[in-house]
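Thanks for coming. I will take a few minutes to walk through one protein chain, from its overall layout down to single residues.

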Amino acid sequence: MYKEITQKIIDLLKAHADLICPTKIKEYHFGAPVTFAKVRYPAIYVQFNGRRVSGKANVNQFLYDLVFEIGVADRSVKEDDAEKSVYDKAEAIDSVLRDNPTLDGLVSDMRLARDIEVVHATESDYAVAIARVIHVARKWMN
């Protein structure tokens with residue numbers, strides 16, 4: 001199930017006009033890349049970070065919070081260009097998940113961007129910006 005939800009998020013993102021591959025996004029990754037050295041920018045990854053009990057239950061099911069990290073990375077010779085690019089793409093990611101909060105019925109609902117973190121790095125003559133966006137999907141399970 002976690003694999004299917006992760007893939008569904010990737011598929012929905014790929015279908016959005018501002019996140020289409022390969023014109024707007026060069027690569028999508030199932031899980032975070034171990035290293036960004038060989039990544040073609042801009043890139044997006046989606047990974048499942050864990051499951052938590054929400055505290056809600058019914059007769060035979062528990063409502064779980066499934067935590068997904070969606071990362072978007074870009075690089076540019078001009079530092080602010082990479083930064084602006086990841087902001088735009090993070091907003092597009094929110095839009096995609098807001099428009100389909102059940103991921104076509106795979107989850108009960110998707111809670112948008114509980115946490116967003118932007119980190120910076122350098123790679124040769126390039127400035128790299130990476131936004132890590134944490135979304136929580138809620139799902140009833142036995």
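This is a predicted model: local features need pLDDT of at least 70, side-chain atom pairs count only at pLDDT 80 or more; totals for chains, interfaces and linings use all residues.

Residues are numbered from 1 along each chain as its sequence is written, and side-chain values use heavy atoms, with hydrogens and water left out.

First, the fold. The protein chain has 2 helices and 5 strands, and along the sequence their order is α-β-β-β-α-β-β. Helices here are DSSP runs of H or I with at least four residues, strands are runs of E with at least two, and both are numbered from the N terminus. The radius of gyration is 16 Å, close to the 14 Å from the globule rule for 142 residues, so the chain is as compact as a globular protein of that length. That radius is taken over C-alpha atoms, and the rule is 2.2 Å times the number of residues to the power 0.38. Along the principal axes, the C-alpha trace spans about 60 × 25 × 20 Å.

Next, what is inside. Of the 142 residues, 44% are buried, meaning under 20% relative accessible area with a 1.4 Å probe, protein chains only. In general, nonpolar side chains in soluble globular proteins tend to be buried together.

Which residues have the most contacts inside the largest nonpolar core? They are Ile9, Leu13, Leu19 and Ile44, in a core of 28 residues. Such a core is a set of buried Ala, Val, Leu, Ile, Met, Phe, Trp, Tyr and Cys residues joined through side-chain atoms within 4.5 Å. At least two residues of this core come from each of α1 (2-15), β2 (43-57), β3 (62-76), α2 (79-99) and β5 (126-141). Helix α2 gives the most, with 6 residues.

Leaving aside residues up to four places away in sequence, Ile9 touches Val46, Phe68, Ile70, Leu97, Leu103 and Met110; contact means heavy atoms within 4.5 Å. There is also a second, separate core of 6 residues, including Val39, Tyr41, Ala43 and Val128.

Val133 lies in strand β5 and is buried, with a relative accessible area of 0%. Val133 and Ala73 are 60 residues apart in sequence, and their C-alpha atoms are 11 Å apart in space.

Definitions and conventions
Buried means under 20% relative accessible area, exposed over 50%, partly exposed in between (1.4 Å probe, protein chains only).
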